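This report examines side-chain contacts in a protein chain. Please consult the sequence and the structure while reading.

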Amino acid sequence: MSSKQFKMRCSALGALFTEPRSKSETISATLKTHLNNWYLEKEYGVRTDMTSRYTDKGIQLEDEAIREYNKLFKTNHVKNDEYFEDDFIQGTPDIVSDDEVLDIKCSFSLSSFPALETKCPNKAYDYQLQGYMRLTGKSKAKLVYVLLDTPEDIIVREAKSIMYKEKLPEDFLDILIEEVRESQTYSHIPIEKRIKIFEVARNEEIIKAIDDKVANAREYLKSLK
């Protein structure tokens, strides 16, 4: 795939908008890393994406998060499977309704759930939603955080990780599993306290800037040998 065909994933638009340290540079070190990985994937035919307990929980609980949102707000949203793209970006929003797009984030733990935040806690997610609004033509977007019980397989994995890190004997595993389960079970908390919504307004300046920034990224990809 040539550099001209490169399209930025909406989920990575935060890297696209990271400013370079030097004014003489057109792209940042963060973006270079992303583009290098993209180039190597295409050159060698091997994906470099890595999964983690955080992404695993989000993937496993996405449908449940949407159901809980629907119950609380009396909506009937369904998971969107439609892929969108234009000449510069691509992506699959979680939910596309008549007038807005929603992105669902399943927080891994209470400490990562933005219960006390008043503004979007992650600028990268703002850019992601700008991309989705551009692709879908929507004028509004919501970033929705949901705090749900951690699945059992991730709890066990977390307990084993602690055990190996602390060099504890196997006898401690059941105790660790119970401790992790207790710390990552939230269903006793009212659901209205476990869903946090941030409204994201459409920003035409950001949306229009995408074209030039992707063009710069393509120029960088041309330089790779």
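A charge is said to sit over a ring if NZ of Lys or CZ of Arg is within 6 Å of the ring centre and within 35 degrees of the ring normal. The structure discussed here is a predicted model.

## Charges over rings

Lys105 meets this description, for it lies over the face of Tyr125, at 4.0 Å from the ring centre. A further case involves Lys123, whose charged end sits over the ring of Tyr127, 5.3 Å from the centre of that ring.

## Aromatic pairs

The ring of Tyr125 also takes part in contacts between rings: Tyr125, Tyr145 and Phe198 form one aromatic cluster. Across the whole structure, a search finds six aromatic pairs. In one of them, Phe6 and Trp38 have ring centres 4.9 Å apart. The planes of these two rings stand at 80°, so the pair is classed as edge-to-face, the cut-off for that class being over 60 degrees.

Phe6 belongs to the segment before β1 (8-9), while Trp38 belongs to helix α2 (residues 29-44). The pair therefore ties together parts that are 32 residues apart in sequence. Both residues fall below the limit for burial, which is under 20% relative accessible area: Phe6 is buried at 0% relative accessibility, and Trp38 is buried at 10%.

The search of the whole structure finds 17 salt bridges. Among them is the bridge between Asp86 and Arg134, in which the closest N and O atoms are 2.7 Å apart. This pair links distant parts of the chain, 48 residues apart: Asp86 is in the loop between β2 (84-85) and β3 (89-91), and Arg134 is in helix α4 (residues 123-136). Asp86 counts as partly exposed, at 22% relative accessibility, whereas Arg134 counts as buried, at 18%.

Arg181 forms a salt bridge with Glu152, and here the closest N and O atoms are 2.5 Å apart. This bridge, too, joins distant parts of the chain, with Arg181 in helix α6 (residues 173-183) and Glu152 in helix α5 (residues 152-166), 29 residues apart. Arg181 is partly exposed, at 26% relative accessibility. Glu152 is also partly exposed, with a relative accessible area of 38%.

Lys222 and Glu219 form a salt bridge whose closest N and O atoms are 3.1 Å apart. Both residues lie in helix α7 (residues 204-222), three residues apart, which is about one turn of the helix. Lys222 is partly exposed, with a relative accessible area of 41%, and Glu219 is partly exposed as well, at 48%.

Salt bridges can also be joined to one another. In this model, Glu62, Lys79 and Asp94 are linked in a network of salt bridges.

## Cysteines

A disulfide is a covalent bond between the sulfur atoms of two cysteines. How many disulfides are counted in this model? The count comes to zero disulfides. Cys10 is in no disulfide, and the nearest cysteine sulfur, that of Cys120, is 15 Å away. The cut-off for a disulfide is within 2.5 Å, and the 15 Å between the sulfur of Cys120 and that of Cys10 is too far for a bond.

Are these cysteines buried or exposed, or partly exposed? Cys10 is buried, with a relative accessible area of 1%, while Cys120 is partly exposed, with 24%.

Technical notes: Residues numbered from 1 in each chain as written. Predicted model: local features only at pLDDT ≥ 70, side-chain atom pairs only at ≥ 80, totals over all residues. Heavy atoms only, no water. Salt bridge = Lys/Arg side-chain N within 4 Å of Asp/Glu carboxyl O. Helix = DSSP H or I, 4+ residues; strand = E, 2+ residues; numbered from the N terminus. Buried < 20%, exposed > 50% of the residue type's maximum accessible area, 1.4 Å probe, protein only. Phe/Tyr/Trp six-rings, centres within 6.5 Å; stacked < 30°, edge-to-face > 60°.
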